[in-house]
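Colleague: I am new to this structure. Please give me a close look at one part of it.

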Amino acid sequence: MFEVPEEILIYAFRYALGRLSSSPYDVAILLIKNKNKISKHYKTMIVNEIDLFLSLKEDHPKDLVELWKTVKTEMERTN
């Protein structure tokens, strides 16, 4: 597998957040696999953006909510 710059991971994360396709799952896997390579700054930003996404009063699919909660937990755990 090739190395993914953390900026590209952030762009992909922002694209995938809120999507109803396979992209959230693909991006979540990449984020979790690369969690030790992501800077504290970007991890904090990811956590904050997930919190904002989850706070919106939209009817998000439960599986996506759980997916982003898992990513958030992993980012916080390694921050």
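Where does Ser22 lie?

Modeller: Ser22 lies in the loop between helix 1 (6-16) and helix 2. Helices here are DSSP runs (H or I, at least four residues), numbered from the N terminus. This is a predicted model, where local features need pLDDT of at least 70 and side-chain atom pairs count only at pLDDT 80 or more, while totals for chains, interfaces and linings use all residues. Residues are numbered from 1 along each chain as its sequence is written, and side-chain values use heavy atoms, without hydrogens or water.

Back to Ser22. Its relative accessible area is 49%, so Ser22 is partly exposed (buried is under 20%, exposed over 50%, partly exposed in between, with a 1.4 Å probe and protein chains only). Between Ser22 and Phe53 there are 18 Å in space, C-alpha to C-alpha, and 31 residues in sequence.

Now helix 2, residues 23-33. Tyr25 sits in helix 2. Tyr25 is partly exposed, because its relative accessible area is 30%. Beyond its neighbours within four places in sequence, Tyr25 contacts Asp63, Leu64 and Leu67 (contact means heavy atoms within 4.5 Å).

The axes of helix 2 and helix 4 are 10 Å apart, at an angle of about 15° (axes are lines fitted to C-alpha atoms, for helices over the stretch in contact; angles run from 0 to 180 degrees between N-to-C directions). The pair is therefore roughly parallel (under 35 degrees; over 145 is roughly antiparallel, 65 to 115 roughly perpendicular, the rest oblique). On the helix 2 side, the contact includes Pro24, Tyr25 and Ala28. On the helix 4 side, Asp63, Leu64 and Trp68 are among those met. The contact residues divide into 10 nonpolar, 1 polar and 2 charged (Ala, Val, Leu, Ile, Met, Phe, Trp, Tyr, Cys and Pro are nonpolar, Asp, Glu, Lys and Arg charged, the others, Gly among them, polar).

Helix 4 has another partner. The axes of helix 3 and helix 4 come within 9 Å and cross at roughly 150°. Helix 3 is therefore roughly antiparallel to helix 4. Their contact has 9 nonpolar, no polar and 5 charged residues. Phe53 and Leu54 of helix 3 take part, as does Val65 of helix 4.

The loop between helix 3 (40-55) and helix 4 (62-77) holds His60. His60 counts as buried because its relative accessibility is 13%. The His60 side chain reaches the backbone oxygen of Phe53 at 3.1 Å. Leaving aside neighbours within four places in sequence, His60 contacts Phe53 and Val65.

Last, Glu49, in helix 3. The side chains of Glu49 and Arg14 are joined by a polar contact of 2.7 Å. Not counting residues up to four places away in sequence, Glu49 touches Phe13, Arg14 and Leu17.

Definitions and conventions
Helices (H or I, at least four residues) and strands (E, at least two) are DSSP runs, numbered from the N terminus. A polar contact is a pair of N or O atoms within 3.5 Å; within protein, one must be able to donate a hydrogen and the other to accept it, and residues adjacent in sequence count only if both atoms are side-chain atoms.
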